[in-house]
Amino acid sequence: MEQLSQLQKNYYRLLAEKYPSRDRVLAEALLLESGLNLPKPTEHFVSDLHGEYRAFTHVIRNASGVLRRYIDELFPEKSEADRKRLATILYYPEEKLKLLKEAMTPEDYDALLKTTLADLILVAKRVAAKYDHDQIEATFPVDRKKILNLLLLEEAGLRHKAGYVKTLHEKIVAYGEGEIYIRDLADLSVRYAVDTLHVIGDIYDRGEEAEKIMDYLMASPKVDIQWGNHDIAWIGACAGNFALIANVIRIALRYNVLHTIEDGYGINLMPLVRYAKKYKATAPFYPKNPDPHEAQNESLAKLHKAMAVLQFKAEGQLIAKHPEYGMDGMRLLHRMDLEAGTVEVGGKTYPLLDTDFPTVDPADPYAFTEEEKQVAARLTESFTNGERLRKHIRFLIESGSMYLIRNDNLLFHGCLPTDEAGNFAPTSVLGKPLAGRELLDAFDTAVRDSFFARGEKQKAAADLMFYLWCGEASPLFGKERITTFERYFIADEATHKEEKNPYYRLREEADFAEKILRAFHIDPDRGKIINGHTPVKRMKGEEPVKAEGKVLVIDGGFAHAYRKTTGTAGYTLISNSYGILLATHSPMKDEERRIADDIDVTSSLAFVTEYESRRLVKDTDGGKKGLETIAELTTLAKLYETGEIKTQK
């Protein structure tokens, strides 16, 4: 054994506190060695959730169709109706059993519980087979741990145990405990059907319940997030960037989804309500999802318009403060001629659809009125001091990153800014020319600084979140410019166009995908790039699998706003030991009918990559770390043998 430095000796003495004897060390090493030959843990990839909590949780609970596939494999003799019912019990045990109990006689219901208990034991065993049992047992409720162990470990097929196991099942139901053990087995199956959840951006905006998704993710054991542009908008809002505060409120008003703003985070919009009375409700500002009450739609339109004007003013101030952003083309308030009813964009003059701007001073169009200053201050205070919002944003930052490399897959939300020739395009927005991976790393640091830094450093990083939201070289935006003003106030649709970065064209080509993978030190023969951000318009013939299978785009329409063009309700990926499967989801029906009628939302599940041989833990990033730990443990065992470290008492 090589001579150890003093620092290494100190490390092994600390390690010995965890493993106080040679036998304990070797036992742990044996477990790790054998664990390397278990099948690769399953990973689940989702993207662009956009506040759609119910659709998201259903996809998580059914593991994008994996659990239904297990049911079909385990119970081929059951009818399709019985398998659908078992799947719904697995996804929603409490709700489905309540409906069944109300519809059945007590005798029939008890018989159903016995059958379901036996079935879910098989499903749980199928799921748990890929894990060390100690890992499974650690999640059991303490009061029911012994019985759950028996249910999973004892075999009714053993000649001496048949009566024992049969009695155990029967008495669980007879004692009135059937429902709770069914729930435990269902939860165990859902928990271990997937080892790690990867969220490839855009948790926020457009849907009603982003805060519930955040609560769910915070309670999940293994989750990572690759930030999307909508997540960055909320990070910047929480950091005090008023242009982004105005932006996230405007989007909520546009889609009439104020639940997250008002109920989820307790943001008080009353100052805005009073201010908005100055504005007229005009057509572009009526909500995309109208309220049943027309008067409410008019009020929402006024709020929407007032918030948009506040946003354009705040953006104009921020862009003037940072000429290095190169975003002056977005400053259009001073290019309006309200008397003529026109605006100049890109050197051309267009008629305005609306000239009602009662708080815009033509002499100083970006200046806030005194009332606007008060509205901005009140809203900023709510966003920066809200306890639940700050807790969620802290988690979003600590569990998130601009990109992630995991098991030969490169995960990022949008794009790598690229020129027409396919070279990574440099930008100096961060003070020096940066491109490719270096640019993503620098933006990653800025995101963390926007929340954790103090003083001027924090303020500068908070400002930069606006650039990440919609700047030309932002890897999360990926377009030449954003045309929010034009879409509201100019009829000519040519002004609405947002030219995409060449990345989105080039990612169709295998050579370009391989170039990116090499830049991130990933084997291009094994590696995949997984993106979200741009909805895959399947109705127009677009496919989520690109570049000969090296690029997978899984923004398929979780958000209702996209479904008319995508024709689906989202794509997700499952990576298991056999390969990578693409799940296509159908639009969700009414929740009550879905549970009552056993309707699933996964319409197809198909391999996009099949491995030549089954991948094991030792083939993963976790396996590499395991090998390092085994090497450390064997060194510690030798130190015990030589007496350099003594057995702990």
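Analyst: About 1,000 Å³ of space lies in the second largest pocket, a volume being the space filled by probe spheres set on grid points that are joined across faces, edges and corners. The pocket is lined by 37 residues, and those closest to its centre are Pro-41, Lys-222, Val-617, Gly-622 and Gly-623. The model is a predicted one, in which local features need pLDDT of at least 70 and side-chain atom pairs count only at pLDDT 80 or more, while totals for chains, interfaces and linings use all residues. Residues are numbered from 1 along each chain as its sequence is written, and side-chain values use heavy atoms, with hydrogens and water left out.

User: What makes a space a pocket and not a cavity?

Analyst: On a 1 Å grid over the protein atoms alone, a cavity is a set of points where a 1.4 Å probe fits but cannot get out, whereas a pocket is an open set with protein on both sides within 12 Å along at least five of seven lines; lining residues have an atom within 4 Å of a point.

User: Which element gives the most to the lining of the second largest pocket?

Analyst: That is α27, with seven residues. The elements that give two or more residues are α2 (22-35), α8 (133-137), β8 (403-406) and α27 (621-642), where helices (H or I, at least four residues) and strands (E, at least two) are DSSP runs numbered from the N terminus.

User: Why is the contact between Lys-305 and Asp-354 called a salt bridge?

Analyst: A salt bridge requires a side-chain nitrogen of Lys or Arg within 4 Å of a carboxyl oxygen of Asp or Glu. The closest N and O atoms of Lys-305 and Asp-354 are 2.5 Å apart, so the pair qualifies. The two residues are 49 residues apart in the chain, with Lys-305 in helix α17 (residues 294-321) and Asp-354 in the loop between β6 (348-351) and α18 (370-385).

User: How do you know whether Lys-305 is buried or exposed?

Analyst: Buried means under 20% relative accessible area, exposed over 50%, and partly exposed in between (1.4 Å probe, protein chains only). Lys-305 has 0% relative accessibility and therefore counts as buried, and Asp-354, at 8%, is buried as well.

User: Why do Asp-408 and Arg-526 get their labels?

Analyst: Their side chains meet in a salt bridge (3.0 Å, N to O). Asp-408 counts as buried because its relative accessibility is 18%, whereas Arg-526, at 33%, counts as partly exposed.
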